[in-house]
Amino acid sequence: MSGAGFILAINLVVAGLLAGSFLAIAAWDRTLGSARWFALAYALGMANFGIEALIAIFGSSLPAVVVSFATILAAMQVFNLGLADKYRVAPPWRLMLAVFVVSVLACALIQTMPRTSPLRMLIYQTPFFVAQLLGAHIVWTSRHRTRLDTALAALLTVSSLQFLSKPALMYFLGGTGPTPQDYLRTDYALVSQSLGTVFALAVALLVLYVLVRDILNDATERSETDTLSGLRNRTGFERHVPKALANARQRGLPVALVVADLDEFKSVNDTYGHACGDRIIKAFGELVSRTAGGRELAARLGGEEFAVLLPGLDLAAARLFAEGVRMTFAGLAVEGLPAFHRSTASFGVAEIGPDETIESAMQRADEALYTAKRSGRDRVRVSPPALAGPPGRWAS
């Protein structure tokens, strides 16, 4: 077996492994439609490598060459559909279809040109360049791009350029051989196949890593989210507080803490049932998120107890926030409760000092909350500033 033939066999096996890997991810998380597109793309890649192997063994015909070309181009376009699904970008359907149809027709027409023609090679490789560049464009234009995603976009861009290098490689490495059967024995085939394998494998592994990262992030997010209120649970709150606090202090912003407790919640459960109690908790969580507008780190600490970290708000602004939530919540009608019944909540507010620990601020906010409870409930009370205590487990 020639070196290029060996690389072709490796490509066939690797494409199969990648198709299986993406299928496994799709089976693990059925919401990841992108994984199914990627699996289909690599399955088409397997078909292409198989067709190329048959051409090398039994010789070529115009239909076989065009089918081989169309299969790999289709695989790249399907891969782009996976990228579009992953990055929530509308796929350029018309452009992709136009590129595919025109490219397949061009592939059929250039078969009468000499195999040694650089123009023939350029026409043959340009559709692959365009398809790969479209994939890079999809990732570049995503609004949900991280540094890792930017690295993927850059890799796809560089990978697209390799296709335009093929005419020069063919010229310097002695051509593609007089017949398709001779192709796999040429130096050009060895270098071209190896180059394509390196880039294709790098792209595939990076995409796999991105999908696995998203699955792990989603699992972490679910484990730190209270499903009833839609807010963080205690674990999520404790994990994210140090970073939020450190970021605010680094930017010189004030940070306030609001704690809340639903008034006489046990009697609501006992009188109207736990389903009504659950709806009250859900309504309160939605109200907190809606009022803060995404600036907060809010959590249901357990039962009817809540905490909200408010970076960028001082004591006066945090009190206004708490008063707004209190008044709106008291006016909410909750399904299952009598029309005359209105749920209320009590609040304690503290501004976190520049060197204060979160434990100290939480203790002060709790004391203010207890004062609100003792004062008749459905009230907001604030805690005066205090000196920082010793560092605690949440300290930044």
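Two strands count as paired if DSSP finds at least two bridges between them. Keep that in mind for the views below, which all come from a predicted model.

**View 1. Strand 3 and its two partners.** Strand 3 covers residues 305-311. Strand 1 (residues 255-262) pairs with strand 3 in the antiparallel sense, over 7 bridges. To find your way along this pairing, look for Asp261, which sits opposite Glu305 of strand 3. Strand 2 also pairs with strand 3 in the antiparallel sense, here over 5 bridges. A handy landmark in this pairing is Ala299, whose bridge partner in strand 3 is Ala307. As for cover, strand 3 is mostly tucked away, with 5 of its 7 residues buried.

**View 2. The turn between strand 2 and strand 3.** These two strands form a hairpin with 2 residues between them. Spot Gly303 here: its phi is positive, near 60 degrees.

**View 3. Glu296 in its loop.** Glu296 belongs to the loop that runs between helix 12 (274-292) and strand 2 (297-302). Is Glu296 buried or exposed? Its relative accessible area is 18%, and the cut-off for buried is under 20%, so Glu296 counts as buried. Setting aside neighbours within four places in sequence, Glu296 is in contact with Ser289, Val308, Leu309 and Leu310.

**View 4. The largest nonpolar core.** This core has 33 residues, and the ones touching the most other members are Phe22, Phe79, Leu83, Leu152 and Leu156. Two or more residues each come from helix 1 (3-28), helix 2 (33-58), helix 3 (62-86), helix 5 (118-140), helix 6 (147-164) and helix 9 (187-223). Helix 9 gives the most, with 9 residues. Now zoom in on Leu83: beyond neighbours within four places in sequence, Leu83 is in contact with Phe38, Gly135, Ile138, Val139, Leu152 and Leu156. Apart from this core lies another one, of 30 residues, including Ile280, Ile281, Phe306 and Leu313.

View 5. Helix 14 (residues 358-374) has 17 residues, so at 1.5 Å a residue it should span 24 Å. The C-alpha atoms at its ends are 24 Å apart, which agrees. Among the buried residues of helix 14 are Ile358, Met362, Arg364 and Leu369. What do the buried residues of helix 14 pack against? Their partners are helix 10 (234-250), strand 1, strand 2, strand 3, strand 4 (345-351) and strand 5 (380-382). Just after helix 14 comes Gly376, with a positive phi of about 120 degrees.

Conventions
Residues numbered from 1 in each chain as written. Predicted model: local features only at pLDDT ≥ 70, side-chain atom pairs only at ≥ 80, totals over all residues. Heavy atoms only, no water. Helix = DSSP H or I, 4+ residues; strand = E, 2+ residues; numbered from the N terminus. Buried < 20%, exposed > 50% of the residue type's maximum accessible area, 1.4 Å probe, protein only. Contact = heavy atoms within 4.5 Å. Core = buried A, V, L, I, M, F, W, Y, C linked by side-chain atoms within 4.5 Å. Expected span 1.5 Å × (residues − 1).
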